[in-house]
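Subject: Structure for you to look at

Hello,

Here is the structure I promised to pass on. Please open it and keep it in view while you read my notes below.

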Amino acid sequence: MTFEIAIVLFIVGTSLVLFITDWVRMDVVALMVLCALALTGLATPTEALSGFSNAAVITVWSMFILSEGLTRAGVANVIGRNLLRFAGQSEQQMILVIMVTAGLMSGVMNNIGVAALMLPVIVDVARRSGLPAPRLLMPLAYGSLLGGLTTLVGTPPNLLISGALNDAGFDAFELFDFTPLGLLILLFGSLFVAYVGRHLLPSKAPEKTDARRGRDLQAQYGLHERMFLLRVPAQSVVVGRTIDEVGLESSARLVLIALMRSGSTRSLPPREMRLAANDLLLVEGRADRFDAMGKWGDLTIEREAPLLKELMSGQIELRELQVAEGSPLVDEPLRHDEFRSRYAANVLALRRGQDVRRSQLAKTTVAVGDRLLVQCDPDKVSALEGSGDFATVAKLTSEELSDVYKLEDSAFILHVPRESEVAGLTLGATRLADAFDFRLLGLFRDGAMHVMPPAEEVIHGGDLLIVQGRTEDIDVLRGLQELDVEYDATPHLHLLDSDGLQLVEATLHPHSSLAGRRVDDVNFRNRVQIELVAIWRNGRPLRTELGRQKLQLGDALLLLGPRERLAHLSQDPDLIVLTPVAVTEVDTSKAPIASSLMLMVVGAVLLGFLPIAIAAVLGATLMVLTRCLTMEAAYRAIDWRAIFLIAGMLPLGIAMERSGAASYLAETVMHALGDRGPWIVIAGLYAVTAMATMIVPTAALVLIMAPVVLSASAELGILPYAPMMAIAMAASASFTSPISHPANVLVMGPGGYRFVDYLKLGVPLTIVVFLVVAVFLPFFWPLRIS
């Protein structure tokens with residue numbers, strides 16, 4: 001092994017580790033590979049950047065645009081719905097038709113787009129037929145993947161394999177060279193899932209005809225268990241205050257669904273609406289936490305607390321921490337409990353420029369350069385300095401603390417009465433910080449001061465609690481305590497599926513800009529005037545602390561809102577609505593034009609008039625010029641992460657070939673399998689590729705395997721067409737995990753699937769595809785001596 005081979009293999013190994021662990025985004029990993037190859041001299045600057053002008057990359061992004069044009073023109077929708085009319089009522093026939101339909105469409109369209117387009121259609125089919133949606137959604141995803149094997153443009157790995165052949169001096173695969181073997185794989189794979197594999201799908205009892213709607217969605221997400229009523233007493237301090245001022249949502253973490261007053265009902269009332277005596281509020285949330293919070297209403301403010309000068313001088317240290325780049329706090333909300341657990345310190349205030357925040361810190365997202373004023377034990381200062389999470393740890397003067405942070409204005413003492421209901425609770429159980437952003441700085445008991453008491457500390461009657469926060473929040477607490485709780489909300493649950501209000505389920509579009517963002521930052525209430533009431537993730541519902549959750553691809557979102565607002569969700573490019581309020585008519589006026597353009601691209605390639613990359617770019621351009629879609633929609637249709645992944649990894653093939661790393665790996669394979677003949681070697685390479693799809697992005701995997709396969713073919717003395725075709729089939733058959741392909745992730749939330757569900761069906765289907773390839777590949781692509 002030469003030094004250059006060692007460097008290339010190190011780069012390959014490091015990239016694989018990063019792909020598997022997901023420590024760094026996959027497109028960033030690809031750019032890191034590109035830079036490493038250029039810096040080490042394994043590729044010239046021109047070669048390192050050549051991926052961005054590669055014909056395969058250009059074809060991939062052009063096909064994204066062509067696919068989106070067909071979708072927006074209504075071509076795919078019409079084809080999908082018409083073909084599904086032949087599905088009948090039997091589960092076997094329905095699965096077969098769904099998979100074949102998705103597969104045929106994926107031959108000329110991006111398979112992610114096909115899955116996204118047909119997802120709400122299949123959910124509607126499941127609802128009408130009485131079949132559980134999980135019995136149909138995984139077959140939809142797998143059908144779209146199988147269909148990608150049928151043409152050169154069906155999936156990026158096919159294009160990359162063809163490009164690797166061309167770069168190596170061989171004739172590239174033609175548009176329909178994949179079709180004979182691909183169609184057989186689609187047929188046998190669909191038959192297997194429809195008649196055998198369906199028994200491995202999650203088995204749930206058939207739901208009624210309007211399943212996953214109304215009461216069914218309430219039951220599925222467990223909402224009925226969290227519904228209760230609050231009645232406003234005539235003499236309550238909350239009378240005349242706005243909903244926002246009362247703190248039902250911000251402090252009590254309740255979702256206000258409806259307000260009933262004098263015989264009329266206001267669904268999702270605005271936050272600025274004022275409460276009146278005898279109002280009845282239908283809310284969703286945790287009643288036990290609401291009850292626990294109400295116990296704080298009998299506490300009294302004893303006196304103002306000159307914190308820095310009198311109470312705890314000498315027992316604590318105050319430090320100003322500047323948040324460093326790369327700190328785990330960056331881009332996250334400031335959670336007091338987590339901060340205290342990690343750093344053994346209380347955050348008293350946050351300063352950003354001239355803005356000083358001493359309250360509502362739990363709703364503040366930390367940024368690089370923010371300065372946090374913290375209280376800690378003197379022994380913990382050195383740990384803060386050595387954590388690496390803070391650029392500076394500074395001690396401020398008394399004048400700076402007083403003039404800049406004005407802590408005395410936000411600190412006070414709460415007295416716990418002897419007979420208080422709070423007595424006997426632990427500090428952690430009170431959830432004081434979660435509800436009102438209070439920080440417990442110290443506890444005074446029996447003449448002794450306890451600085452920063454632990455969460456396990458039990459509160460006693462007579463305790464004095466030194467608290468930082470807003471004194472007006474105590475009034476909010478008292479107001480919440482005055483509300484009368486009625487736990488049986490059953491007579492009012494019909495409001496969730498009334499004429500004015502409805503529950504719908506949606507999932508994130510594969511290209512959604514909402515992925516990775518916190519729910520609080522998205523703010524569905526302001527964005528589209530609806531409420532997010534639950535998230536289905538990894539086979540279970542999430543209903544508590546939703547604001548802190550980061551949305552993920554594959555999440556199913558339970559949304560509540562007025563029908564007229566929900567009706568517009570189908571036009572939101574970030575969401576795929578699974579239970580639409582009303583059928584939206586698709587404008588098919590551009591369908592003939594879009595279809596003609598796609599046929600033009602195929603015809604130009606088949607007749608040899610244009611290379612596939614030029615034909616695809618021309619078709620994409622004409623899609624925009626003929627207004628089948630806008631240029632903004634075209635940009636949005638492109639999966640830029642995939643483009644950068646492919647462009648960044650392409651130079652790795654050049655480096656593997658030039659350095660001898662590809663030959664070295666091929667010799668290793670030959671040493672292990674070469675004596676058993678070419679077909680055994682091909683089978684071994686197929687098996688390695690198929691297993692690697694579980695953890696490595698398929699495009700990157702193909703770019704790593706292609707030079708190894710080419711070198712192995714040369715060692716065997718055969719032309720590389722059969723082994724390269726086998727690798728393309730193995731890479732695109734990504735069935736064994738939700739992360740293997742975006743189409744698998746897309747159906748995970750709506751189908752309620754777990755990781756193991758993909759293994760149960762994906763592994764047998766992978767074996768079926770392997771057997772089909774093993775039997776028919778020698779007929780279509782016999783070995784030829786080079």
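**A five-stranded sheet**

Look at the open sheet of 5 strands, which run in the order β18-β17-β19-β16-β20 with antiparallel pairing. Two strands stand at the edges: β18 (540-542) and β20 (575-577). Each has a single partner strand, so one side of each is left without a neighbour in the sheet. On average, neighbouring strands here are turned by 35° against each other, direction ignored. Please remember that this is a predicted model.

Now zoom in on one pairing. Strand β16 covers residues 501-508, and it pairs with β20 in the antiparallel sense over 3 bridges. Find L508 there: L575 in β20 stands opposite.

**Two helices side by side**

Next, go to helix α23 (residues 591-606) and helix α24 (residues 612-625). Their axes come within 9 Å and cross at roughly 165°. Angles over 145 degrees count as roughly antiparallel. That makes α23 roughly antiparallel to α24. The crossing of these two helices, α23 and α24, is right-handed.

Which residues of α23 and α24 make the contact? From α23 come A594, L597, M600, V601, A604 and V605. From α24 come I612, A615, A616, L618, G619, L622 and M623.

**Aromatic pairs**

The count of aromatic pairs comes to 12. Two of them deserve a visit.

Start with Y142 and F735. Their ring centres are 5.1 Å apart and their planes are at 70°, so the pair is edge-to-face; the cut-off for that label is over 60 degrees. Where do the two residues sit? Y142 lies in helix α8 (residues 134-147). F735 lies in the loop between α30 (721-732) and α31 (742-746). The pair therefore ties together parts that are 593 residues apart in sequence. Both Y142 and F735 are buried.

Then find F173 and W781. This aromatic pair is also edge-to-face, at 5.3 Å centre to centre with 75° between the planes. F173 is in the loop between α9 (156-167) and α10 (179-195). W781 is in the segment after α33 (755-780). The pair links distant parts of the chain, 608 residues apart.

F173 has 4%, so F173 is buried. W781 has 17%, so W781 is buried too.

Finally, F173 and W781 belong to a cluster.

Best wishes

Notes
Residues are numbered from 1 along each chain as its sequence is written. This is a predicted model: local features need pLDDT of at least 70, side-chain atom pairs count only at pLDDT 80 or more; totals for chains, interfaces and linings use all residues. Side-chain values use heavy atoms; hydrogens and water are left out. Rings of Phe, Tyr and Trp (its six-membered ring) pair if their centres lie within 6.5 Å; planes under 30 degrees apart count as stacked, over 60 as edge-to-face and the rest as tilted. Helices (H or I, at least four residues) and strands (E, at least two) are DSSP runs, numbered from the N terminus. Buried means under 20% relative accessible area, exposed over 50%, partly exposed in between (1.4 Å probe, protein chains only). Two strands pair if DSSP finds at least two bridges between them. Axes are lines fitted to C-alpha atoms, for helices over the stretch in contact, and angles run from 0 to 180 degrees between N-to-C directions. Angles under 35 degrees count as roughly parallel, over 145 as roughly antiparallel, 65 to 115 as roughly perpendicular and the rest as oblique. A crossing is left-handed if the near helix is turned anticlockwise from the far one by less than a right angle, and right-handed if clockwise. Contact means heavy atoms within 4.5 Å.
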